[in-house]
Amino acid sequence: MTNSRLPGFYKLSVDERRRVAAEALGVDVEDLTRALSTGGMDCATADKSVENVIGMYALPFALGLNVQLNGRDYLAPMVVEEPSVVAAASNAARIVRAGGGFFAETDEPIMIAQVQLDEVRDAAAATAAIVAETSTILAEANASVPGLVSRGGGARALEVRDLGDGMLVVHVLVDCRDAMGANLVNTVAEEVAPRLAHLAGGRVGLRILSNLADRRCVRVKACIPVEALAFEGRTGESVRDGIVRASRFAEKDPYRAATHNKGVMNGIDAVVIATGNDWRAVEAGAHAYAARTGKYEPLCTWRIGDDGSLVGELAMPLALGIVGGSIRIHGCARLGLEMTGVQSAAELAMLIGCVGMASNLAALRALATDGIQRGHMLLHARTVAIAVGARGQQVEEVAAEIHARGEVTVEAARRALLRLVAAGGDAGLAVGGE
Ligand code: MEV
C-alpha cells in the first residue's frame, strides 16, 4: 500500500469501492468480492465453531482511510455497525497526516500466565523456593509449547506476588510472538502449576492468562500543526484548545473518561473484529489498564506542544494475533488482515492504536465544536430510513427530508417514504417493513 488517501471513495458504489480497494491493495477483485459477499463464514462452519448455532449475524465491513504510521500508509479494515465511526476516523487520520502521520511503538509480545497458589503457610519461603527454581520452571514451560519456542517465543521470566491470606500468584511471562497467545499461555499455566504448588507447599488454584496484558502495550503519538485543525470559520487554536480541555475533563472525571475511552474503542474494536481478533480480551485489557492507578483514566490524552501544535498520546495493552484463532476459519478476517499488509502482531497493534487515536480525535473535535449530534443525526436518519424500508437512492432522500425537518423518527421516515413512493410510483415497495 503506497497511499491510503482514496479521495471520493465514499461517493462510489459498493462494487466500485471493491475495485478501487483491490487495485490499491494489489489483490484480485474476484477474491475480494467472493470473501466479502458471503460475510466470511457459512453456517456449517459456524456450527462447528460454537454451540447451538441457528444462523449468522452480519455487520458492515468498511475501510478506514488515510492512516499513515511510521512513514507508511495503511488501509484499516473496520467492522462496525455505528454510523460515522469509519468516516470520523478516516477524517481524523487525514488531519493527522499534516503532521507526518502517527508514530508508534510496541513492547515485546509478552503475555502473563497466572497460577494461583492457595493455603501457602509461609509466603516468603515459598517465594524464595520458586525464584530459586526459575530456570527449571521456565524450561518446563517451554517444553509445553515447542511450536512457540521454534518460532522464537517462549517463557521469559517469573514473578511471584503475595496477595495475602495464604494466597500467592505466580506470573509466567510468555513471549507469544505473532499469536494472541491465550491457548499457549493457558497451556504454560497448567504445565507449571503442580511444580509451583509443590515448591510453595500450597494447593493449585486457577491457571489462566491475565487479560491485563500490560507487558504488551502499544504507544502512539501524533503532533498536528495547529493550522490543520481550522474548519468552518473556526481557528485552529480554538479547536486545539477545545480538544485539550476535553482531554483534561476526561483526566479529571471517570464518568467522562469512560465515554472518552468508548470513543477510542470505537476505532480499536472495529479493526480488532475485522482482523479476526478477540475484542472481549482487548476491551477487558483496555479498561483494566485505564484503571491501573486506582482511578479510571483516559487511554488517549491531548496537550499543546512547544510549537503550538496539538500533541496526542495513546498508551494501552493490545493482545492481538495474526496467526491462529478465528483468522484460520473466517474468510473476512483473513482478508481484513491481508488488507492491512502487516507482517507482525506488533505492527497490527500499532495500526489499531492509530485508529483508536483517530476515533478519539474525531469525537473530541466534534464535541469541542459543533457537538456530536449534527454529524450523527444525518447518519442516524439514514438508519431510520432503512428501517422503514427505504432502499437505494430513497435512503438519501428520506434521510435528507427528516433531517431537514429536525424530525428523525420512524414515523416521520415512514411518512416521507410514502410521499416519495407516491410521487415516484414505486408501488412494489413495502413501506414500513422493519
Ligand atoms: C460515541 O460512540 C462515542 C463518543 O461518545 C465518544 C466521546 O464522547 O468522546 C462520541
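In this predicted model, leaving out residues up to four places away in sequence, N261 touches H287, A290, Y296, E297, P298 and L299. N261 belongs to helix 10, and its relative accessibility of 0% places it among the buried residues. One of the residues it touches, Y296, is also joined to N261 by a polar contact between the two side chains, with a length of 3.0 Å.

**The ligand and its shell**

Helix 10, in which N261 lies, also gives the largest share of the shell around the ligand, namely six residues. The residues around the ligand are E82, R256, T259, H260, K262, G263, N266, A363, L367 and I372.

The elements that give two or more residues to the shell are helix 10, which spans residues 254-274, and helix 13, which spans residues 345-367.

**The chain as a whole**

The protein chain contains 16 helices and 10 strands, and its C-alpha atoms fill a box of roughly 85 × 55 × 40 Å when this is taken along the principal axes. Of the 434 residues in the chain, 47% are buried, while the chain exposes about 20,300 Å², with carbon and sulfur atoms supplying 53% of that area.

**Residues in strands**

N66 has its place in strand 1, which covers residues 61-69. Which residues does N66 contact, leaving aside its neighbours within four places in sequence? They are S4, R5, L6, S90, A93, R94 and R97. The relative accessible area of N66 is 5%, so this residue counts as buried.

S210 lies in strand 7, which covers residues 203-210. Is S210 buried or exposed? S210 counts as buried because its relative accessibility is 13%, which is under the 20% that sets the limit for a buried residue. Not counting residues up to four places away in sequence, S210 touches M111, I112 and Q114, and its side chain reaches the backbone nitrogen of L212 at 3.1 Å. The C-alpha atoms of S210 and H171 are separated by 9.0 Å, although these two residues are 39 residues apart along the chain.

A87 lies in helix 4, which covers residues 85-97. How far apart are A87 and A362 in sequence and in space? The two are 275 residues apart in sequence, whereas their C-alpha atoms are 9.3 Å apart in space. A87 counts as exposed, because its relative accessibility is 53% and the exposed class begins over 50%.

**Positive phi angles in loops**

Most residues other than glycine have a negative phi. N52, a residue other than glycine, has a positive phi near 60 degrees; its place is in the loop between helix 3, residues 43-49, and strand 1. With a relative accessibility of 74%, N52 counts as exposed.

D165, which is likewise not a glycine, has a positive phi of about 55 degrees. D165 lies in the loop between strand 5, residues 154-164, and strand 6, residues 167-175, and at 85% relative accessibility this residue counts as exposed.

Key
Residues are numbered from 1 along each chain as its sequence is written. This is a predicted model: local features need pLDDT of at least 70, side-chain atom pairs count only at pLDDT 80 or more; totals for chains, interfaces and linings use all residues. Side-chain values use heavy atoms; hydrogens and water are left out. Helices (H or I, at least four residues) and strands (E, at least two) are DSSP runs, numbered from the N terminus. Buried means under 20% relative accessible area, exposed over 50%, partly exposed in between (1.4 Å probe, protein chains only). Accessible areas come from the Shrake-Rupley method with a 1.4 Å probe; for residues, only the protein chains shown count as cover. A residue is near a molecule or strand if one of its heavy atoms lies within 4 Å of it. Contact means heavy atoms within 4.5 Å. A polar contact is a pair of N or O atoms within 3.5 Å; within protein, one must be able to donate a hydrogen and the other to accept it, and residues adjacent in sequence count only if both atoms are side-chain atoms.
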